[in-house]
Amino acid sequence: MTTEHQEEAGSAKAEPTWNLRAVTWLSGAQFFMFGIAIGVMTVAWAEVIRSLDLSDGFFGTAHLLLPVVGLLTLLAAKRIYRYLDHRWIGIYGQLALIGLLVMLAVSDHFVGLLIAFVLAGLGSALVDTATNSVFMEIQARSGREVMNMMYAINSGGTVISALGAGALISLDMNYRWVAVLFVAIMVPVLLASFVIRYPPVNREEPEEAPSGAEAEGGTGLVKLMRNPLFRVVFVMTVLGIAVESIVQVWSVIYVDQLLDAPIVYGGAAFALFSLTMMIGRMINAWLVASLGIRRSFLISAAGTALSGALLMGAFDLWFSVFAFLLMGIAIAGVQPTCLSAAARVAPSRVNIVAAAMMVPAYAAFIATPTVYGWLSDATSLNTAMVLVVAAGVGVGVLALGRPIAEADRAAEPAESGDPTLIARA
């Protein structure tokens, strides 16, 4: 046997056999069910607030549990990956999301709501980490950009569940039974997760890392933040998720309270937001390929700022629904494009990169819905939408910086073979 064959045999022995297509389908299904859980709980919040007689400020503060638990989970991701692989992290995440819906179904006290928030934070962080790590691994091994499509699938799940939950509640089905119904839908994907073999957590380190790729090796958030491009996409992710978190937590309440519309309209507004996000993510890969990363971000920034300004007006129901549609398609490409860029900073440690990029997402969930809740108490639900305008402006300013310009120049050669995208200071 030649040395080459021995190396191949050793590599095959070191890495268990796994099917790329099966893992892709299963991870997509898990992300779809994640979207299902998001849609159901978002529509249910307005009913929960009414059922438990909570104020907007108290609800916004209690909602802190979700992102705080998620953030703590993500900060522990490097340690978690010492004991668990992609499969088990995804399984535990799905169990937590199912537990969230079960708590909504059985609890009639605000303590149950707090437990639901804890489970939502834990489940979201674990599923986000597991699926995004696998998506990055798929991109690295297949050479195909899948992040935007997977996020479109996630948005599709949110669309279906938000529309379905809103319609069922409007037909006088109790939100508790709606939660039980969607639990039954999520269980088959959980069971399939026990069967499919996953890729290994990390690949072998390259013998010689490219110049400037100091994030490789003992990768951690601090080391990743030394990379200028990673810092920029990190902050952009904060701003993008800030907008998504406002819509996820407050859109149904905005329509229900400010515009005095039936809950089905609030559910429809959130579902349409998610639908336009799905469409936006499906076309975002084309936008980036055709116009470049910077122009894609600038389009997102302009649309987001405009939609926030329109929602500050709150003229009527359909005008506000249109603004949510515009916001969805505008903000859609920010997070997946940031994740794709971040994956090239440390391609052999995608699990740590994925967790690090989710940190700003959950940090935004900690601050933004709470700030929005108290700002709306002090002013109004529509005036508080100034936060969306500020986020859009922030994305636009960052897109004009040098790291994004260098990322644009590096993107074409990176796709043709170089897996590392480095933006130098």
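**Walking through the model**

Mentor: Let me begin with A305, which is buried, as its relative accessible area is 17% and buried means under 20%, exposed over 50% and partly exposed in between, with a 1.4 Å probe and protein chains only.

Trainee: Before we go on, what sort of model is this?
Mentor: This is a predicted model, in which local features need pLDDT of at least 70 and side-chain atom pairs count only at pLDDT 80 or more, while totals for chains, interfaces and linings use all residues. Residues are numbered from 1 along each chain as its sequence is written, and side-chain values use heavy atoms, with hydrogens and water left out.

Trainee: Back to A305, then: which helix does A305 lie in?
Mentor: A305 belongs to helix 13, residues 293–313, where helices (H or I, at least four residues) and strands (E, at least two) are DSSP runs numbered from the N terminus.

Trainee: And which residues is A305 in contact with?
Mentor: Leaving aside neighbours within four places in sequence, A305 is in contact with V389, G392 and V393, a contact being heavy atoms within 4.5 Å. A305 also sits 8.7 Å from V386, C-alpha to C-alpha, although the two are 81 residues apart in sequence.

Trainee: How many residues does helix 13 have, and how far does it reach?
Mentor: Helix 13 has 21 residues and reaches 31 Å from its first C-alpha to its last, close to the 30 Å expected at 1.5 Å a residue; the expected span is 1.5 Å times one less than the number of residues. Its buried residues include F297, A301, T304, A305 and G308.

Trainee: What about helix 14, what span should it have?
Mentor: Helix 14 covers residues 317–331, and its 15 residues should span 21 Å at 1.5 Å a residue, which agrees with end C-alpha atoms 21 Å apart. Among the buried residues of helix 14 are L317, V321, F324, G328 and I331.

Trainee: Let me zoom out: how many helices and strands are there in the protein?
Mentor: There are 18 helices and 0 strands. Of the 425 residues, 58% are buried, and among contacts with a separation of 6 or more, 83% are between residues 24 or more positions apart. The protein exposes about 17100 Å², of which carbon and sulfur atoms supply 65%, with areas from the Shrake-Rupley method and a 1.4 Å probe, and for residues only the protein chains shown counting as cover.

Trainee: Now M357: buried or exposed?
Mentor: M357 is buried, at a relative accessible area of 0%, and its place is in helix 16, residues 350–378. Not counting residues up to four places away in sequence, M357 touches F230, V233, F234, T237, C338, L339 and A342.

Trainee: Which helix does S376 lie in?
Mentor: S376 also lies in helix 16, and at a relative accessible area of 7% it is buried. Its contacts, leaving aside neighbours within four places in sequence, are L381 and A384. S376 and G57 are 319 residues apart in sequence, yet 8.3 Å apart in space, C-alpha to C-alpha.

Trainee: And F59, where is F59 found?
Mentor: F59 is found in helix 3, residues 56–62, and counts as buried at 0% relative accessibility. Beyond neighbours within four places in sequence, F59 is in contact with W45, I49, L54, F117, V249, W250 and I253.

Trainee: Last one: is D172 buried or exposed?
Mentor: D172 counts as exposed, at 72% relative accessibility, and lies in the loop between helix 8 and helix 9 (175–192). Its phi is near 75°, a positive value in a residue other than glycine.
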